[in-house]
Amino acid sequence: MYQLTPPNIRNNPFPYYKLQEWGLTQEMVDSIEESMEVRPARYITDDQHDDDTSIRSTDIDWIDTRMHPEFYALLGNVIHYANNTLFKYAITDLEPCQYGVYDADKKGHYETHSDGAFKGQHGQVRKISFSILLSDPKDFEGGELLLMPDFQGLQTDLQKHEICFFPSWLPHKVTPVTKGIRKSIVGWVHGPDFV
């Protein structure tokens, strides 16, 4: 057996793709936020303790595809653009997006996790994850989206309304918000299993 040499992550970062100007308007964001009724997030665990705020402290709601068709049409276009530019995955559909609020008063954060283990309808898997920062970075401290190909992590340094795409299998986290409120939209693009 031949032992492979691990890649030097610092010189060859894992793929992610950011777009700042992709058509999202403040009017779209305002419309989405007016329809949201956030509540504490839950997550899948082996021991049914899905409310442990040491793992995740985020208030969320789901963005209805029927109420915000302009937003989803825009997302569809930019997803295909990002996929054709970088990932080149076989993709089929998009889950309803999740609106999230990370509040410093609640120590808002999400520990390291991966999205790729989840399967949707028809056995499809999450292949591409994305995060859209809705807040101005000047309005909060902390709350950095870190991609974790190693223990150090890669900072994404998102700007307001910027979208960041990355493989759903890539571990990532949101560091604790220490001041202010960080708002975001996240989503997952599905496709057939990797083979």
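Leu146 stands opposite Gln155, a residue of strand 11. The model is predicted. Strand 10 covers residues 145-147 and is joined to strand 11 by two bridges. These two strands run antiparallel.

The chain as a whole contains two helices and 14 strands. Of its 195 residues, 46% are buried. Sequence distance was examined next. Among contacts between residues at least 6 apart in sequence, 82% join residues at least 24 apart. The protein chain exposes about 11,100 Å². Carbon and sulfur atoms supply 52% of that area.

The largest nonpolar core has 29 residues. Trp22, Phe71, Leu75, Ile132 and Phe165 have the most contacts inside this core. Two or more residues come from each of strand 1 (17-19), helix 1 (26-34), helix 2, strand 6 (98-103), strand 8 (125-133), strand 12 and strand 14 (177-191). Helix 2 gives the largest share, with eight residues. The contacts of Leu75 can be listed by name. Leaving out residues up to four places away in sequence, Leu75 touches Trp22, Leu94, Cys97, Phe130, Ile132 and Ile163. A second core is separate and has 15 residues. Tyr102, Tyr110, Leu170 and Val177 are among them.

Backbone angles were also examined. Most residues other than glycine have a negative phi. Lys88 has a positive phi, near 60°, and is not a glycine. Lys88 is found in the loop between helix 2 (69-87) and strand 5 (93-94). Its relative accessible area is 59%, so Lys88 counts as exposed, the cut-off being over 50%. Asp157 is not a glycine either, and its phi is positive at about 50°. Asp157 lies in the loop between strand 11 and strand 12 (163-167). The relative accessible area of Asp157 is 42%, so this residue is partly exposed.

Terms used: Residues are numbered from 1 along each chain as its sequence is written. This is a predicted model: local features need pLDDT of at least 70, side-chain atom pairs count only at pLDDT 80 or more; totals for chains, interfaces and linings use all residues. Side-chain values use heavy atoms; hydrogens and water are left out. Two strands pair if DSSP finds at least two bridges between them. Helices (H or I, at least four residues) and strands (E, at least two) are DSSP runs, numbered from the N terminus. Buried means under 20% relative accessible area, exposed over 50%, partly exposed in between (1.4 Å probe, protein chains only). Contact means heavy atoms within 4.5 Å. Accessible areas come from the Shrake-Rupley method with a 1.4 Å probe; for residues, only the protein chains shown count as cover. A nonpolar core is a set of buried Ala, Val, Leu, Ile, Met, Phe, Trp, Tyr and Cys residues joined through side-chain atoms within 4.5 Å.
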